[in-house]
Amino acid sequence: MAIGFDSDFLKKLEYLHVVSKKAFAGQARAERLTPKRGRGLEFADYRQYSAGDDFRHIDWKAYRRLGRLLLRLFDEEQDLPIYLFIDASQSMAPPGQSPEKFEQALRLAAALCYIGLAHLDRVTLMPFDETVREERSPGQGKGRIFRVFDMLEQIKPGGRTDMVAAFKNFAARGRRAGLTVVISDFLDPAGFEKPLKMLQARGHDVYAVQLACETDRDPGALGDVRFVDAESGDTRDVEVTPALARAYTAAWEKHTEDLQMFCGRYNIGYIRADVERPVEEIVLKTFRQGRFVA
Amino acid sequence: MSFGALAGWQAWLALLATAGLFTYVFFIKIRAPRIAVPSLMLWQRVLDATREMTLWERIRRIVSWIVITLIGVMLVLAVMRPAPSVTAAGGGRRLIILDSSWSMGAETSSGETRWERAIAEARALIQSSAGDEVAVATTADGLVEGPTTDAVLLEAALDRLMPSGGENSDWPRLSNVSKVHFITDGTLARPMAGLEATGADVVVQSVYESAPNVAITAFEVYEPGAPEAQAEAYLELANYSPQKQTAQLTVTRGTTTVGDVAVELAPGEAVRQMVPLGLTGDPRVRARISAPDNVLAVDDEAVAWIARAETLSVTVVSAEPGFLKVLFDRLPGIRTTYIAPGVYDQPRPGAEHVIVFDHWVPPAAPTKPALYVSPMLADGPAWIGQARIETKPQWATADRHAVLRGVDPATVTLERARSVESDAWTPVARSATGSPLVSVRETTDTRAVVLGFGLLEAESNVALQLSLIHI
């Protein structure tokens, strides 16, 4: 699959930036405020002078008024760590069906990547299934977008979904906290609550982007059907009656509603991105309405 | 309980097998189409949640299974045609009447004739009626065998039976019959009320199966009074098939064809026509029809005799021809000459067609067709064989020979018989003790018949039988 955006869309993306509800310490100077005090331009606070401080930051006017040596502090502006978790399990592209859900995930990741790169944020691609596969950092600057496209195209769907194991693996790597976006269908037999809470507990600002397609919402076929789990290969013979089909659709809606309510309760950003909608509309409209980008 | 052409155990086995088969088919897992889904997680939840609601599904499934199995059982029962037995414990009396009309000779789709199918059903009825007295009768011959509990005897009687017409006869009568099985193809135009009036429980078992047929339904020779006017044959042809047919009609006098035409017959159409037979020719007139779809052969040919073309000449050799003279003089188209045994020498060439020997046998066998009525034994020649006298013999068994057509053994009374036993003669009717009552000797040209009894009232009542003319 070849990923690419037209120049108009890229231009629109440059005007957006990813909104983080928290300030995170970065690694290099950039455009994001950090909790650290440093050498930025924005005045932040005073503190008592202590030996060893740079006396160029002593506020002499305050010393004249107050008779005390006060040091002027400034905000530090650094890059924002953005971790894009892309669900690359087999459920994103079941065999025999169009991989539209997985392709949509890659396109959304590419768009978010470009927004981050354009603002010198440190974006890391984290494809996962049962574990986090090889993480990829394209670097900084919007000129790296083509490298991002190449990286995304190399990701192939496969394996089972196990978000708990994957996020444990990520936590073990000791990455600093940042903005974490999980792009997935959240069809994890172990549930989505524990892994998302785990990320949040590690100090990340978490966003959940739920992908869904028509075949997820509607079983389609009626009559005797043997359903095959795309990930485990397990089968289940079901006589799909209209009532059962309605029950399935209701179950899927409840699953989505549970995810949305969970995210709201734990201050996790939630965005639903159906594959039937174009990426441009999702990014420029839905992401903005969800305060994910501004 | 009787089951048409099946024995009881066969029927129950078929029912059980059908029920088992339909049950297997109901529960067999048809390979369902495979559909890959991202996860079975949601399906698992849905099915777990609906598990409590499966009571209705279980009821529906059980009802469906019962209905399907019942359909299968009813299909089998429809084929087997069950009927309750006369008496469960035996001791009843039942009468099996076979429709012996000519239409029973029609072939069915399975290759057997309706008659063969009827015989099979009759056999099954006999087998399933253990303990009951069973009698076998036909619509043409009346009571043929029984009532008896001897299945072997009844089956032997069935072996002898053939379709032989009898549309105008009465229903066979038998007292104390609790059940009558009438096996028919439905073409017999005889009111059932006569059968039902006996008070017996009447079960009609059909062996009818639609079959295309083209037939000669009427054939008669008309001889005008004027000698210069030629005779004509009246023919009626009918097409009983659902398709239009082109039938080929051939009319012959002896070996000369006097008419050979193709007749278009619409479905159900009957065509009547007259065929001129000419002024002179053979007295034997034969009409034959052929068609592509024609399952019944017996109605494809008809014969007639033009009496004025040639009178049947009969020589009666009898010491006392009085009674025979009364009989023969009433038969049309016959010129009879009566001579005494002492006058008879040898058959005179061209003098007669048939010779009848009454209570006397010539020293040498004549070469012409001959009827020997109660041949004398004491001074009989050796060529006719050994003989013995039996008093009040009972006509027990009979072949379906042409000379016995129309003979009803149950109504024949014999006072005495002089049976002839010889390898040269073939018995076609025997007494209960096995003595031949009627024997024949046939060549390609002639037939000789020996009646072991006389026609006078003191010896038999055969003279009163319809069969006399055939004999």
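**View 1. Helices H6(A) and H8(A) cross in a right-handed manner.** A crossing is called left-handed if the near helix is turned anticlockwise from the far one by less than a right angle, and right-handed if clockwise. This is a predicted model, in which local features need pLDDT of at least 70 and side-chain atom pairs count only at pLDDT 80 or more, whereas totals for chains, interfaces and linings use all residues; side-chain values use heavy atoms, without hydrogens and water. Residues are numbered from 1 along each chain as its sequence is written, and chains are lettered from A and ligands numbered from 1 in the order in which they are written. H6 spans residues 193-201 of chain A and H8 residues 242-265 of chain A, and their axes lie 11 Å apart at an angle of about 20 degrees. Helices (H or I, at least four residues) and strands (E, at least two) are DSSP runs numbered from the N terminus; axes are lines fitted to C-alpha atoms, for helices over the stretch in contact, with angles from 0 to 180 degrees between N-to-C directions. H6(A) and H8(A) are therefore roughly parallel (under 35 degrees; over 145 is roughly antiparallel, 65 to 115 roughly perpendicular and the rest oblique). Glu193(A), Leu196(A) and Lys197(A) of H6(A) meet Leu259(A), Phe262(A) and Cys263(A) of H8(A), where contact means heavy atoms within 4.5 Å.

**View 2. Helix H1(A) packs against helix H9(A) with a left-handed crossing.** The axes of H1 (residues 7-14) and H9 (residues 279-289), both of chain A, are 11 Å apart at about 20 degrees. H1(A) and H9(A) are therefore roughly parallel to each other. From H1(A), Phe9(A), Lys12(A) and Leu13(A) touch Val279(A), Glu280(A), Val283(A) and Leu284(A) of H9(A).

**View 3. Helix H1(A) passes helix H3(A) in a right-handed crossing.** The axes of H1(A) and H3 (residues 100-118) of chain A come within 9 Å and cross at roughly 55 degrees. H1(A) is therefore oblique to H3(A). Phe9(A), Leu10(A), Leu13(A) and Glu14(A) of H1(A) contact Ala111(A), Tyr114(A), Ile115(A) and Ala118(A) of H3(A).

**View 4. Chain B meets chain A through 19 residues of chain B and 31 residues of chain A.** The buried area is about 2,300 Å², with 68% from carbon and sulfur atoms (accessible area, 1.4 Å probe, that two parts lose on being put together, summed over both). On the chain B side, Pro38(B), Leu42(B) and Trp43(B) lose the most area to chain A, together 30% of what that side buries.
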